[in-house]
Amino acid sequence: MLRKTVDKVVRDELCTSCGVCAGSCHKGCISFCEGKERNVPVIDHKACVACGLCYDVCPGKGVELNELSERFFSKEPQTRRDDYAGFYKHVYVGYSTDNEIRMHCATGGMVTQFLTWLLEKGEIDGAIVVRFKKDNPLEPEPFIATTKESLWESRSSKYVVLSHDKVAKEVTNGQYKNLIVVGLPCHVQGWRQLAEKNKIIKETIKGYFSIYCSINKTKLSMDYYLRRYKINSSDIGRFAFRDDGCMGYMKFENKQGGVMKKIPYKSYWFGSHSFFTNPRCLMCIDQLGELADVSFGDIHIKPYSDDTIGTNSIISRSSYWDKLLSKCKNDGVITLDEIPIETLLRSQVYVKSYKKGGGGKAYSKIKKLLGHEIPVYDYKYEGSVSVKDYCVALSQMLMHAIGKRKKLWWIVKLLDRSK
Ligand SMILES: Cc1cc2nc3c(=O)[nH]c(=O)nc-3n(C[C@H](O)[C@H](O)[C@H](O)COP(=O)(O)OP(=O)(O)OC[C@H]3O[C@@H](n4cnc5c(N)ncnc54)[C@H](O)[C@@H]3O)c2cc1C
């Protein structure tokens with residue numbers, strides 16, 4: 001029987017570009033094609049047998065988040081469940097005790113520090129992470145880091161859609177073991193679903209770490225920044241979205257290591273982000289990576305927001321990884337202090353009210369009304385949708401339409417408050 005493939009998800013404009021479908025195909029017939037805004041899967045129909053595996057693992061069409069998280073975490077001892085964060089054992093704040101790591105990672109360096117420690121202790125053989133390409137410092141490149149040095153190369157946030165297609169294919173070759181997947185919630189959803197279908201993946205991936213995600217940006221945002229800050233791409237030696245402290249700066253360095261431009265995070269993020277938001281992200285309900293063993297994020301609330309170097313919030317969902325976090329703390333390489341989940345949720349209040357609230361619902365409703373498909377989740381928002389929610393959703397659609405057209409970028413620049 002011929003089954004649905006990811007072609008349908010792409011046609012429905014629901015692809016998250018996570019790339020995991022490429023690893024699901026036994027015929028190797030999925031490749032990722034360069035798009036203006038993001039890369040999407042393309043199927044070689046001569047080789048495709050329409051087995052439907054790529055469709056099954058795809059998070060773009062929506063995910064049974066409740067059902068899967070119930071299966072993965074509900075039997076963990078002393079587990080609790082929150083409507084927004086999913087299952088959790090503990091919520092912490094913490095940071096790397098190495099100031100170099102803390103200063104140059106996205107937040108407190110917890111992801112990079114914990115992975116490095118796990119590697120040194122022989123708990124893992126590597127991790128699927130992302131660095132910028134050496135020959136193109138603006139293009140993110142997911143890869144399998146197996147050394148402390150390569151983990152360091154992968155530090156910090158990449159605010160641009162990126163696909164795990166090549167690494168997903170690499171892992172299915174079966175030459176690795178004991179790997180951690182680090183990704184956004186949609187990457188983790190894809191890998192989790194792939195592991196349910198593919199024995200090699202199940203045996204190779206030892207743990208799933210998610211970073212929280214409000215939204216990600218399209219590839220066009222990179223062109224905009226270059227134009228906005230008058231940077232010639234061929235002069236760039238190194239680029240970071242977040243460097244030099246808590247939240248930090250977008251930083252362009254030249255080939256000699258000199259700083260060409262530094263823009264404070266809040267300034268460039270809020271300056272233009274709605275124009276370049278990946279539209280699929282506006283219908284996602286999973287900010288906190290509910291299917292991950294451990295999730296890592298910022299903590300935008302006092303007293304933590306007063307910190308200028310960086311403090312993470314962390315959600316642990318499995319006893320195994322929770323114990324390792326404690327051991328890592330006891331070895332003195334990280335700090336780890338438990339906080340109530342309410343504190344974490346207060347720190348994400350704006351995104352929280354959108355993702356599983358009226359904002360996201362309004363956006364999906366308008367899309368549906370316009371005849372588009374929307375993702376299906378096993379979660380229902382029962383609250384009301386206000387006029388303001390609809391206005392915000394319409395303005396998001398308008399801003400995306402502007403962001404897509406380079407000739408209209410003068411409007412973005414007009415509203416962009418960044419220096
Ligand atoms: C698109 C995006 C949206 C985010 N939204 C929120 C939010 O709403 N609230 C919040 O509190 N925090 C958010 N974060 C998370 C935050 O920016 C930090 O990534 C997180 O706090 C971890 O910090 P760290 O210092 O421990 O990470 P680091 O030690 O710097 O390590 C970060 C790890 O994440 C990997 N990584 C970075 N970007 C990506 C990417 N795009 N896809 C896959 N892997 C990646 C890196 O390779 C590295 O392994 C977001 C991050 C991103 C990339």
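Start by selecting the shell around the ligand: its residues divide into 15 nonpolar, 15 polar and three charged. Here Ala, Val, Leu, Ile, Met, Phe, Trp, Tyr, Cys and Pro count as nonpolar, Asp, Glu, Lys and Arg as charged, and the others, Gly among them, as polar.

Before you go on, note that this is a predicted model, where local features need pLDDT of at least 70, side-chain atom pairs count only at pLDDT 80 or more, and totals for chains, interfaces and linings use all residues. Residues are numbered from 1 along each chain as its sequence is written.

Now pick out Cys 105, Thr 112, Ser 214, Gly 297 and Asp 298, which come nearest of the 33 residues around the ligand (near: C-beta atom, placed from the backbone, within 6 Å). Colour helix H5 (110–120) next, as it gives the shell its largest share, three residues. Helices (H or I, at least four residues) and strands (E, at least two) are DSSP runs, numbered from the N terminus.

Then move to helix H15, residues 358–369. Its buried residues include Gly 358, Tyr 363 and Lys 367 (buried: 20 or more other C-beta atoms within 10 Å of its own, C-beta atoms being placed from the backbone). What do the buried residues of H15 pack against? Show helix H14 (349–355) and helix H16 (387–403) to see these partners. Just after H15, click on Gly 371, with its positive phi of about 90 degrees.

Finally, zoom out to the whole protein, with 17 helices and 15 strands. Its C-alpha trace spans about 55 × 55 × 45 Å along the principal axes.

Methods: The expected span of a helix is 1.5 Å times one less than its number of residues. A residue is buried if 20 or more other C-beta atoms lie within 10 Å of its own, exposed if 12 or fewer, and partly exposed in between; C-beta atoms are placed from the backbone. Two residues are in contact if their C-beta atoms, placed from the backbone, lie within 7 Å.
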